[in-house]
Structure formats: structure tokens, C-alpha cells
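Here is a short report on one protein model. Please look over the sequence and the fold before reading on.

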Amino acid sequence: MKKFLALLLSMMMVLSLAACGGDSGQPDPTVDKPADTQQPADSGNEPAGGKTVKVGLICIGDENDQGYTYNFIRGKEAATEALAASGINVEWVVKWNIGENSGCEDANIELAEEGCDLIINNSFGFEPFMLKVAPDYPEIEFIACTNQASWGDSLDNTHNAFANIYEGRYLAGIVAGMKLQQMIDEGTISADQAVIGYVGAFSFAEVISGFTSYFLGARSVCPSVTMKVQFVGSWSDATEEANAASALADMGCVMISQHSDNTTPATTAQSKGVFHTGYNNDMISVAPEASLIGTRINWAPYFEYAIKSVANGESFDQDWCHGMDMDAVVMTDLNETIAAPGTAEKLAEVEDKLRSGELQVFDTSTFTIEGKALESAFALDTDGDFTPDSEEAVFDGAFHESHFQSAPYFALKIDGIEWLNSAF
């Protein structure tokens with residue numbers, strides 16, 4: 001029966017490869033082979049004493065989205081190159097455009113049956129389906145990126161990974177705030193018109209942490225700034241992201257940012273004559289008159305670490321999280337043609353303080369909740385109910401995000417940010 005299942009799954013793989021969007025779409029020029037199975041160009045010439053690791057990667061989008069999945073592919077390619085230099089070859093099997101549903105469970109099974117040593121799930125909603133499969137394949141390591149359940153479960157072969165992206169968002173906020181302050185100083189807008197519009201996917205901690213850190217960065221250089229947040233209820237819905245950005249601009253927002261997967265908030269901002277900062281990718285090419293900068297997670301350090309561990313038969317962290325300290329969070333190029341004067345210098349100054357720990361993004365002296373300073377993580381949640389966290393994250397004058405687990409847990413409504421809706 002098991003052989004029959006393996007044969008059946010192999011036949012299904014062949015059929016899925018034949019219909020794969022990677023063969024019919026427009027491949028990104030940085031990807032050698034856009035088909036489902038991807039290997040380094042020199043993988044047939046394994047160095048003496050070298051090793052090969054077969055890695056499955058399950059993606060919610062494809063390499064052409066120029067956003068979230070494209071960013072994973074960048075990490076994949078960089079890690080492959082670095083590993084090859086150390087004598088480790090990687091055979092990649094990539095599943096594109098997988099939904100956060102039972103199709104993800106099927107994809108994990110197919111990759112396991114195909115002999116992958118390590119399987120990476122790249123979307124938040126993939127983890128529950130991955131966890132259904134992992135117990136049946138204890139010899140395979142499973143990773144859920146941007147999640148939080150795997151590190152605390154009873155399975156030795158499941159892992160979580162994230163990065164301190166709030167550091168990059170704080171810096172992007174600095175860029176936005178400096179531009180807004182320039183507009184105020186030049187009389188283009190009044191101080192009370194320094195309003196940011198933020199396109200968010202869902203109203204839970206990952207997104208809330210991101211837009212709060214962004215807002216705090218902006219307000220550190222533009223004290224009058226306020227923010228409006230519109231949630232779209234999806235990680236990747238190009239049309240709804242554009243609609244949200246358009247609505248925010250129509251409400252008077254003169255700066256747009258996003259925690260969503262597509263470039264449409266950037267192009268919409270440009271069409272509306274307002275500015276923009278991006279996520280996952282440099283969006284200057286699609287909106288050169290609007291997009292100031294972006295920030296992204298650099299997955300290469302983690303991929304290299306996890307794959308090397310598997311190749312060497314070593315265990316690796318069940319919950320991994322780093323930021324600018326390991327270049328796991330990086331900034332895209334600054335659009336100096338439209339950025340405020342002095343922005344590059346300010347970015348370098350603040351980044352140094354983040355790296356050294358001198359600056360804490362969620363310094364409790366820089367924000368209030370309902371007019372009061374935050375003294376404990378046992379604070380009001382987003383519904384106004386008293387719900388304590390499992391750990392006290394407020395200490396040494398700051399809320400310490402991603403200190404107890406890699407997944408963000410800052411989910412508080414601070415003063416100055418208006419939620420226009422909610423989408424859990």
C-alpha cells in the first residue's frame with residue numbers, strides 16, 4: 001500500500017509539474033530554473049567530500065509576485081550559493097501558489113514522499129497543515145516561517161523561524177517621517193496633515209507590531225504624525241491592497257505603507273500623488289515618483305544555518321529569530337531623488353543604535369495606550385479585555401518584542417493610530 005501511495009503521489013507530481021505556473025509564467029531573471037524542481041547550476045559536480053541536501057519549499061505565491069514569495073526566492077538563491085562554497089549542494093523542490101488549506105497538507109506529503117530532508121513552509125497559515133504531516137515523517141525536519149506553534153509542541157522535527165522585521169519597519173518609518181517633516185517645513189502640508197495610511201493584511205500581532213514600530217519611527221522625527229490602518233483580510237490580494245491604498249489616499253493620507261504582499265499599494269500611491277514605503281522588495285522600479293524605501297527579511301542566513309545543520313546531522317533551534325545583528329533584516333535602496341535631505345545619514349545613525357541595543361523600538365516612554373504609559377505586558381488586548389501574556393515582556397523601560405518567541409506578540413492599540421476596521 002505504501003509503495004502504491006508513493007507511486008500515486010509521484011504520478012500526481014508529474015501532473016502538477018505539467019500544469020505548473022512556473023513553466024507557463026514569466027520567470028524572474030535571478031532564478032535559474034523557474035520550474036518546480038530547482039537545483040544549483042553546478043549541482044552535478046559535487047565537490048569532493050561534499051554533501052547534497054534535498055529541500056522542499058512550499059510557497060503561497062510564486063517568484064513573479066515581486067513581493068513576499070519573491071523575497072523567499074532571493075533568500076533561497078543566496079543560501080544555495082553560500083552553501084555550495086562550503087561544499088554543500090542543495091536540490092530544491094518548490095511548490096508554487098499553494099493555498100492555506102488542505103492543499104498545503106498535500107504539498108507537505110508529496111515533498112516528504114519525494115525524499116526531501118527538510119521542508120520549509122513560507123506562509124503563516126501553512127503551519128496547522130504542516131503539523132498534521134510532520135508526526136508521520138520524524139526523520140524529516142519541517143520549518144514554519146513566521147509562525148509560533150512548532151517550537152512549543154512535542155515534536156522534535158518541527159521548527160519556527162522569524163526575524164526582527166520591526167527594526168526595519170522602524171527605519172522605514174524614519175524615512176517616511178523625515179519626508180513628512182520636510183513637507184511641513186516647506187509648507188506643502190500643515191502639521192495636522194501629516195497622516196500615514198497603512199495597508200495591513202490582518203489585525204493580529206505580526207501586523208500590529210509592524211505598523212506600530214513604523215509609526216514610532218516616523219513620530220521620532222515628525223512629532224505631529226498620525227496613522228490610519230485599513231486591513232484587507234488577506235496576505236496577498238493585489239486588488240484589495242490597491243483599493244485600500246486608494247481609499248486611504250482619498251481620506252487625506254499623504255504617505256502609504258503596507259504589510260501585504262504586492263506592489264499595488266506603491267503603484268496606487270504614485271497614481272494618487274502621495275508617497276510610499278514598501279515591504280519585501282524594492283518598489284522604486286514600479287513607483288519611482290512615490291516609493292522612498294522598503295525593508296525585508298533576508299532569509300538567506302537562516303536557510304544557510306538550517307540546511308547546513310541538516311547536512312551535518314546536527315540539531316538546530318526550534319525557534320530562531322535575529323534581526324540586523326545577523327543581516328536577517330535589511331533595507332532596500334533609498335530613493336534619494338525624492339527622500340528628504342539628510343535621510344541617509346539619519347538612517348545610518350539609527351541603524352547603528354539598533355544594532356548596539358542603545359535604541360529600543362518599543363521604548364515605553366515614546367507611546368501611550370489610552371493616555372497612559374505601558375507598565376506591564378499584562379495590558380489591554382485589541383478587544384479591550386484584560387488578557388495577560390504568558391511572560392512579562394515589559395522590562396528595562398521597553399516592551400521586548402520577539403524576546404520570548406520569534407513570532408511577534410505586540411498586539412496593543414497605541415494612541416495616534418486609528419484602526420478603520422479589523423480583520424482577524
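The model is a predicted one.

## Overall make-up

The protein contains 11 helices and 16 strands. It has 424 residues, and 56% of them count as buried. Its accessible surface is about 17,100 Å². Carbon and sulfur atoms hold 50% of that surface.

## Helix H6

Helix H6 covers residues 165–185, which makes 21 residues. From its first C-alpha to its last it reaches 30 Å. That is close to the 30 Å expected at 1.5 Å a residue.

H6 is mostly covered. Of its 21 residues, 19 are buried.

## Strand E2 and its partners

Strand E2 spans residues 51–58. It is mostly covered, with six of its eight residues buried. E2 pairs with strand E3 (residues 88–95). The two run parallel and are joined by eight bridges. In this pairing, Lys54 stands opposite Glu91 of E3.

Helix H3 (residues 68–85) belongs to a β-α-β unit with E2 and E3. The unit is right-handed. E2 also pairs with strand E4 (residues 118–121), again in parallel, through four bridges. Here Leu57 stands opposite Ile120 in E4.

## The seven-stranded sheet

Seven strands form an open sheet in the order E13-E11-E10-E9-E7-E8-E16. The pairing is mixed. Strand E13 (329–331) and strand E16 (417–419) are the edge strands, each pairing on one side only. From one strand to the next, the twist averages 20°.

Lys228 stands opposite Glu418 of E16. Helix H8 (residues 238–250) packs on this sheet. H8 touches strand E7 (195–200), E8 and strand E9 (255–259). The direction of H8 makes about 165° with that of E7.

Terms used. Residues numbered from 1 in each chain as written. Predicted model: local features only at pLDDT ≥ 70, side-chain atom pairs only at ≥ 80, totals over all residues. Heavy atoms only, no water. Buried < 20%, exposed > 50% of the residue type's maximum accessible area, 1.4 Å probe, protein only. Pairing = 2+ DSSP bridges. Right-handed = clockwise from strand over helix to strand, strands pointing away. Expected span 1.5 Å × (residues − 1). Axes fitted to C-alpha atoms, helices over the stretch in contact; angles between N-to-C directions. Contact = heavy atoms within 4.5 Å. Areas by Shrake-Rupley, 256 points an atom, 1.4 Å probe, with all protein chains shown as cover.
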